[in-house]
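These notebook entries record what I looked up in the structure, chain by chain and then at particular sites. I begin with the conventions.

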Amino acid sequence: MVTQEFSVVGKRMPDVSGVEKVTGAAKFTSDIYLPGMLIGKVLHSPHAHARIVNIDTSKAERLPGVEAVVTCKDVPKKQYTGCLMNLQSYSGIEVWGVHDVRVLDEKVRYVGDAVAAVAAVNEKVAEEALELIDVEYEQLPAVFDEIEAMKEGAPRIHDVVQRRQDDGTPGDEAVERNIGVHVAHKPVGDVEKGFQEAGYIIEERAYTSKQRQAPLETFQCIASFNAEGKLTLWTQFQVPNLMKRMIAYVFDMPVGMVRAKGEYAGGGFGAGLHLFRVPLCIALAKKSGKPVKLIYSRREEFTDRPTRETFGPYTFKMGVKKDGTITAVDRKVVAMAGAYVEFSGLSSLIATSVGNTVYRRQNYKAEADVVYTNKLPSGAMRGFGNPGETFIREQVMDEAAEKIGMDALEFRLKNLCQLGDPGTFGPDFPLTSIALDECIKIGAEKIGWKEKHGKKKEGVRRKGVGVSCMAHNSGAWPVHVEHSSAHIKFNEDASIVLTVYPATIGTGAYTSLAQVAAEVLGLPFEDVHVVWGDTDVTLWETGSHASRTMYIIGSAVYEAATEAKGKLLNRAAKKLGVAADELDIKDRRIYVKANPGKGIAAAEITKEAIYSHYDVEQFTGSSSYRPSNSPPPYQAVFTEVEVDTETGEVKVLKMVVVSDSGRAINPMTVEGQMEGGAAQGMGYALWEEPVMDTTTGQVLTDDFDTYKIATTLDMPELDTVLVEQPDPTGPFGAKGVGEPGAVNQAASIANAIYDAVGVRIWELPITPEKVIKALKEKKGK
Amino acid sequence: MHQTLRPFELLEPETVEEAVQILSSYGNKAKVLAGGIDLVSRMRRWQIKPECLVSIQKIPGLDYIEGNGGGRLSIGALTTLRSVELSPIIQKDWMILYEVAHQIASIQVKTMGTVVGNLCVATPASDIVPVLFVLGAELKIVGPTSEKTIPIENFYIGVDQTILEPNQVVTEIVIPGIPAGAGGAFLKLEKTKADIAKVNVAATVTVTNGTCKEAKIALGAVAPCVIRATRAEGILKGEKLDEKTTARAAEAAADEATPITDLRSTAEYRKEMVAVLVRRAIEKASERAKA
Amino acid sequence: MRKEIATFIVNGVSYEELIESNMTLLELLRNKLGFTGTKQGCAASGNCGACTVLVDGKPTLSCLTLAWTVRGRNILTIEGLAKGGILHPLQKAFINHGAIQCGYCTPGMVISSKALLDENPNPTKEEVKAALAGNLCRCTGYVKIVDAVLAAAKK
């Protein structure tokens with residue numbers, strides 16, 4: 001597919017952070033120690049729903065080594081949201097956003113909610129101090145089920161929250177029926193007519209699970225005020241500039257007085273998109289007058305950090321004609337907000353639209369109710385609603401194919417979207433690339449679809465194959481501000497410094513972005529020095545979310561490099577006595593395109609310009625870039641499973657992941673995203689089962705011994721294939737790739753289980769217990 | 001939510017007698033430290049708060065595996081799970097003990113954790129314990145004034161509870177030789193490969209002239225402690241191990257189990273799976289007995 | 001003991017430190033000696049392997065090891081693997097095979113891999129997976145980690 005020859009782009013360059021990380025030199029937030037730094041710990045609510053009647057912190061304050069204790073009296077009273085995407089609109093709050101959080105409130109709304117915080121000389125003293133805080137609670141009735149929560153007479157979790165008013169600013173509104181947000185898309189066509197025209201109607205409901213991001217480094221945050229009152233923060237940022245703005249909003253301080261400095265982060269997967277307990281850390285630093293590092297233990301991470309979005313139920317109704325045309329799709333979602341809306345409005349928006357660019361439907365509509373319960377809030381995690389929608393949509397697609405007697409692949413291929421079709425956000429943003437058909441064909445061949453699918457199965461252990469297809473986004477423009485500014489400067493030796501600030505959560509972004517810069521500037525990869533991790537140094541940058549990094553930041557880097565190159569060539573042109581457009585640069589050498597023998601070392605030009613007596617110049621380039629589209633990356637995942645019909649165990653034998661993410665700037669990085677995504681997707685499908693005590697609301701799965709993620713022994717044979725159809729709007733043709741990897745697994749496995757043993761599981765995770773139950777029910781029929 | 005260790009006295013006696021004396025002097029406020037995997041992690045959670053840790057790590061002569069060609073096997077108190085896994089004696093003659101050690105996923109846990117320490121934790125879901133049950137293991141217990149050896153079945157009295165007094169130490173596991181015509185199996189159901197069992201089953205059968213002379217079946221994670229499925233064993237004894245008999249025994253074993261629903265699985269599923277695993281274990285054990 | 005001075009040999013160098021009985025090896029390494037390469041990832045329950053170091057060549061969870069009990073023993077952390085700035089073949093392989101994403105599990109993963117190769121210089125793929133089953137990674141899906149270890153073994 002890829003015919004152009006590049007020097008650096010498309011190569012498996014090793015990660016620029018590799019040496020640091022492999023020698024233990026790389027510093028993470030958990031490794032930072034500032035002089036005089038205190039350790040902060042949070043006191044969590046043991047109750048699912050309670051009013052705080054009184055807090056007595058005197059004993060804790062007297063404990064030697066304790067330097068600050070904060071309660072709701074010591075923090076701003078403002079309502080806000082931890083969803084950092086929320087203040088990105090010009091006016092200040094989005095339609096799907098709700099301001100229902102306070103730094104510390106007079107009420108607690110889930111087991112684990114924050115009640116108070118302490119800062120002490122070390123972690124041991126801080127933990128002791130928590131024990132000494134006396135809290136008097138007035139327990140309130142709690143509700144843990146969304147359908148119950150919407151009924152008359154259910155406990156009210158919020159009375160007044162702030163939503164978007166007509167002028168775009170936040171305004172107080174009462175909450176009805178515990179519904180935090182209602183999300184509705186503008187219907188396309190006439191859905192009712194579409195169902196009337198259908199030969200078959202399939203309607204299913206699915207329940208997805210509250211998966212945890214589970215980065216290996218737990219939440220840590222350091223807040224430090226300097227003598228002038230400027231705040232510097234370290235944490236596992238994904239969107240540092242958006243965090244700055246929300247902090248400035250919450251604390252009523254100028255944005256310019258907040259500085260975000262990032263170190264490496266031990267994983268993100270969406271967890272870094274939340275404001276979370278950063279304001280508490282800041283409050284402790286304010287009160288103690290010292291830098292404070294707030295530390296979350298693994299058990300706190302699993303019981304008090306916003307999780308993946310959760311649907312209960314997601315209702316998917318589809319109409320198909322006998323010839324395989326999809327006439328109508330109607331999606332209704334009950335989304336679990338938990339105690340605070342956080343990201344659930346936005347993830348519901350995505351969960352009811354991101355699938356629009358996979359198959360053509362003549363008529364469709366979708367809406368979601370985001371419901372409060374006394375559970376841990378739903379936040380942002382890789383895939384952001386897509387894994388849940390794909391889980392139900394792809395099983396419904398299989399069911400429809402079976403009903404009309406068409407092969408499941410044929411049915412999909414027949415209905416695939418085409419170039420120029422409306423994109424996720426409507427016909428104004430049409431599809432500029434789609435190679436999903438090729439992904440399907442390649443995957444089918446590699447898994448042995450023809451030989452294995454739809455065959456009669458016998459024996460105790462039965463094999464089956466299944467498919468799932470998906471589309472995601474490359475950034476969230478136009479729904480979200482997608483601003484990436486990048487800067488490049490030439491050193492005197494013609495090496496460059498590239499200043500950018502994507503998240504340092506391990507996506508290999510810096511390496512790929514450096515490859516883009518190196519390619520544009522005709523420089524060897526090692527001549528690019530990347531500077532990141534300080535919002536006082538780097539230009540404004542939305543950050544890393546919605547799989548935007550390569551597509552958007554990559555384009556900013558491309559443009560910045562192009563500008564810098566132009567200036568360099570202009571100067572060289574004068575020196576060489578030619579026009580600037582006659583020149584190009586490769587391998588550190590500027591040369592005349594029509595006569596490559598004539599040229600000059602780039603370093604000669606850069607050095608001369610810097611040290612000139614009369615005509616000083618340092619060549620720089622910058623770009624403030626925003627995209628005009630959000631081309632979907634596509635993936636098809638084929639899975640072969642073996643189901644033990646006596647134990648219900650599902651063993652994944654082989655998984656083929658075929659990805660269309662445009663050009664792979666760094667194929668090794670792209671594969672890594674597919675492989676790592678597959679492990680998380682399989683966890684969502686099979687193993688990761690957060691368990692809550694339904695009478696008390698306490699989360700029981702609080703460590704890796706109870707919340708099970710994949711180990712080396714659980715991974716199947718994994719085959720990853722890159723289909724590189726360059727997208728004309730992406731830098732060197734690249735699209736997003738971070739999230740797609742975790743989206744298809746649940747549906748692919750569920751479809752394979754059906755192929756193996758003829759039962760469908762609609763609730764995640766798919767456990768042996770559920771498979772056995774389904775097999776028994778089938779037998780009973 | 002805690003994860004820091006509270007203060008404690010740490011002592012390192014050089015004999016078992018000394019260790020037992022120190023334990024006696026602390027009443028029930030001291031704990032034995034061997035590998036520390038379970039002990040230290042519970043202490044970090046503030047689940048237990050001992051005032052004193054009596055480390056036996058410095059006591060010589062406790063780290064050994066002694067066996068002779070299928071005869072008696074002795075394992076010392078400081079023998080690690082990894083040593084068991086790597087022992088050629090055990091791989092050759094006590095295969096299911098090798099298998100159960102091998103399937104523990106974390107090499108670090110196996111390297112640090114001791115077999116005796118593991119069985120003293122007394123979790124009903126232990127993998128090692130059902131295997132020791134069906135191998136007929138006995139434990140040597142040393143106290144301030146006496147020593148005794150008891151069958152491992154008599155060691156457990158409830159969830160996380162053993163008959164061990166605070167001032168007693170298990171110093172050795174003794175496993176009798178494998179009789180001729182014996183075969184064993186260990187099976188487990190777990191969510192991921194590095195997980196605690198939902199259900200586990202260990203079985204040994206001794207077959208002579210096509211008839212089951214003796215059967216031992218132990219069930220884990222389906223009762224307050226590991227239990228022997230004695231009714232199931234009775235059904236097999238003296239019979240040919242055909243499909244029908246095996247199935248009957250498996251059903252009996254499922255009846256003997258009293259599993260609960262917890263965050264790992266349901267009581268219903270566990271009970272059903274006891275029957276499945278017992279049947280499979282008997283089949284596998286009897287196949288090995290024939291070999 | 002409750003509080004005493006002890007000598008620790010870390011990466012071939014002796015350190016004399018005043019420690020308390022309730023200090024873990026992980027705390028000693030990170031907080032006292034400044035070796036922040038070794039990480040904590042779970043509730044110090046032995047479940048993630050990020051704290052793995054070698055004690056006398058054996059892969060050990062430093063979060064569950066009381067520092068006092070390993071005084072005088074040879075401790076190897078990730079910082080001690082490269083010699084004179086030259087990376088160990090495992091370190092080179094991890095970098096070249098894309099086996100590192102966020103890098104948080106990497107120190108423990110590399111140390112566990114070293115323990116494997118020291119004991120078994122020519123492991124099979126299955127043996128590599130078994131040796132690393134006690135080390136969790138949330139980023140990579142383990143594919144390239146296993147590739148890297150196999151590649152390093154060939155060197």
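**Entry 1. Conventions**

I note that this is a predicted model, in which local features need pLDDT of at least 70, side-chain atom pairs count only at pLDDT 80 or more, and totals for chains, interfaces and linings use all residues. Residues are numbered from 1 along each chain as its sequence is written, while chains are lettered from A and ligands numbered from 1 in the order in which they are written.

**Entry 2. Chain C as a whole**

I looked up the secondary structure of chain C and found 5 helices and 5 strands. Helices (H or I, at least four residues) and strands (E, at least two) are DSSP runs, numbered from the N terminus. Read from the N terminus, the order in chain C is β-β-α-β-β-β-α-α-α-α. The radius of gyration of chain C is 15 Å, close to the 15 Å from the globule rule for 155 residues, so chain C is as compact as a globular protein of that length. The radius is taken over C-alpha atoms, and the rule is 2.2 Å times the number of residues to the power 0.38. I recorded the span of the C-alpha trace of chain C along its principal axes as about 45 × 35 × 25 Å.

Buried residues make up 64% of the 155 residues in chain C. A residue is buried if 20 or more other C-beta atoms, placed from the backbone, lie within 10 Å of its own. I then turned to contacts, for which two residues must have their C-beta atoms, placed from the backbone, within 7 Å. Of the contacts in chain C with a separation of 6 or more, 58% are between residues 24 or more positions apart.

**Entry 3. Chain B as a whole**

Chain B contains 11 helices and 14 strands. I compared its radius of gyration of 19 Å with the value near 19 Å for a compact globule of 291 residues, and the two agree. The box filled by the C-alpha atoms of chain B, taken along the principal axes, is roughly 60 × 45 × 35 Å. In chain B, 55% of the 291 residues count as buried. Among its contacts between residues at least 6 apart in sequence, 64% join residues at least 24 apart.

I also examined helix α5 (residues 95-102) of chain B, where B:Ile96, B:Leu97, B:Tyr98, B:Val100 and B:Ala101 are buried. The partners against which the buried residues of α5(B) pack include α3 (81-86), α8 (128-134) and β12 (199-208) of chain B.

Ala, Val, Leu, Ile, Met, Phe, Trp, Tyr, Cys and Pro count as nonpolar, Asp, Glu, Lys and Arg as charged, and the others, Gly among them, as polar.

The contact between chain B and chain C takes 24 residues from chain B and 25 residues from chain C. From chain B, β1 (9-11), α2 (37-44) and α6 (107-112) each supply at least two residues. The largest share, 5 residues, is that of α6(B). I classed the residues of this side of chain B as 11 nonpolar, 8 polar and 5 charged.

**Entry 4. Particular sites**

I looked for cis peptide bonds and noted one from A:Gly312 to A:Pro313, with omega near 0°. A:Pro313 is found in strand β15 (residues 310-320) of chain A. Another cis peptide bond joins A:Trp477 and A:Pro478, with omega about 5°. A:Pro478 lies in the loop between β18 (461-471) and β19 (484-490) of chain A.

A:Phe384 has a phi of about 50° and is placed in the loop between β17 (363-372) and α10 (386-404) of chain A. A:Phe384 is buried, with 30 other C-beta atoms within 10 Å. C:Ala44 also has a positive phi of about 50°, in the loop between α1 (25-32) and β3 (52-55) of chain C. C:Ala44 is buried, with 29 other C-beta atoms within 10 Å.

Note on methods
Buried ≥ 20, exposed ≤ 12 C-beta atoms within 10 Å, placed from the backbone.
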